[in-house]
Amino acid sequence: KVSNTIVDFSILSVSCYYSDSLKVVIGSRPAKPIFAQEVMDFINQQKTLNQESLSKIDDLIKENITFGDDDRGSKAYREVLAITYVKRGIKEVYPL
């Protein structure tokens with residue numbers, strides 16, 4: 001996310017990194033950033049990344065990550081964004 005002004009706060013932040021294993025961090029939920037540990041564990045155990053394993057991410061995020069409401073976005077909106085951005089990030093960095 002690129003800020004346009006000093007007070008331009010993000011609705012949600014997602015970071016995905018792969019070196020020896022996948023790391024996923026979700027922030028601006030609104031709370032401090034956290035590792036999406038269940039998502040990381042699940043993906044790191046997979047031998048291949050396919051549509052079925054990506055669809056499981058939806059449930060893992062909904063069940064294990066807490067989102068909140070504020071002036072910038074609702075809980076439901078942040079949940080949808082997190083699912084979308086985590087999937088995109090994993091596809092971008094994970095070796096297929």
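Leaving aside residues up to four places away in sequence, Asn44 touches Ser21, Leu22 and Tyr94. Keep in mind that what we're looking at is a predicted model.

So where does Asn44 sit? It's in helix α1. Asn44 and Tyr18 are 26 residues apart along the chain, and their C-alpha atoms are separated by 9.9 Å.

Next up, the sheet. A quick reminder for anyone new: strands of a sheet pair through backbone hydrogen bonds, and they can do that parallel or antiparallel. Here we've got three strands making an open sheet, in the order β1-β2-β3, with antiparallel pairing.

Let's zoom in on β1 and β2. They pair in the antiparallel sense over six bridges. If you want one to find on screen, go to Ser13: its bridge partner in β2 is Gly27. Helix α1, meanwhile, packs on the sheet, where it touches β2 and β3, and its direction makes about 160 degrees with that of β2.

Now for the helix pair, α1 and α2. They pack at an angle of about 155 degrees, and their axes are 9 Å apart. Anything over 145 degrees counts as roughly antiparallel, so that's what we call α1 and α2. Their crossing is right-handed. Who makes the contact? From α1 you have Glu38, Val39, Phe42 and Ile43, and from α2 it's Ser53, Lys56, Ile57, Leu60, Ile61 and Asn64.

Last one: helix α3, residues 75-93. It has 19 residues and reaches 27 Å from first C-alpha to last, close to the 27 Å you'd expect at 1.5 Å a residue. This helix lies across β1 and β2, and it runs at about 25 degrees to β1. Which residues of α3 are buried? Here's the list: Arg78, Glu79, Leu81, Ala82, Ile83, Val86, Lys87, Gly89 and Ile90. And what covers them? The cover includes strands β1 (13-18) and β2 (22-27), along with helices α1 (37-45) and α2 (51-64).

That's my tour, thanks everyone!

Conventions:
Residues numbered from 1 in each chain as written. Predicted model: local features only at pLDDT ≥ 70, side-chain atom pairs only at ≥ 80, totals over all residues. Heavy atoms only, no water. Helix = DSSP H or I, 4+ residues; strand = E, 2+ residues; numbered from the N terminus. Expected span 1.5 Å × (residues − 1). Buried < 20%, exposed > 50% of the residue type's maximum accessible area, 1.4 Å probe, protein only. Contact = heavy atoms within 4.5 Å. Pairing = 2+ DSSP bridges. Axes fitted to C-alpha atoms, helices over the stretch in contact; angles between N-to-C directions. Parallel < 35°, antiparallel > 145°, perpendicular 65-115°, else oblique. Left-handed = near helix turned anticlockwise from the far one by under 90°.
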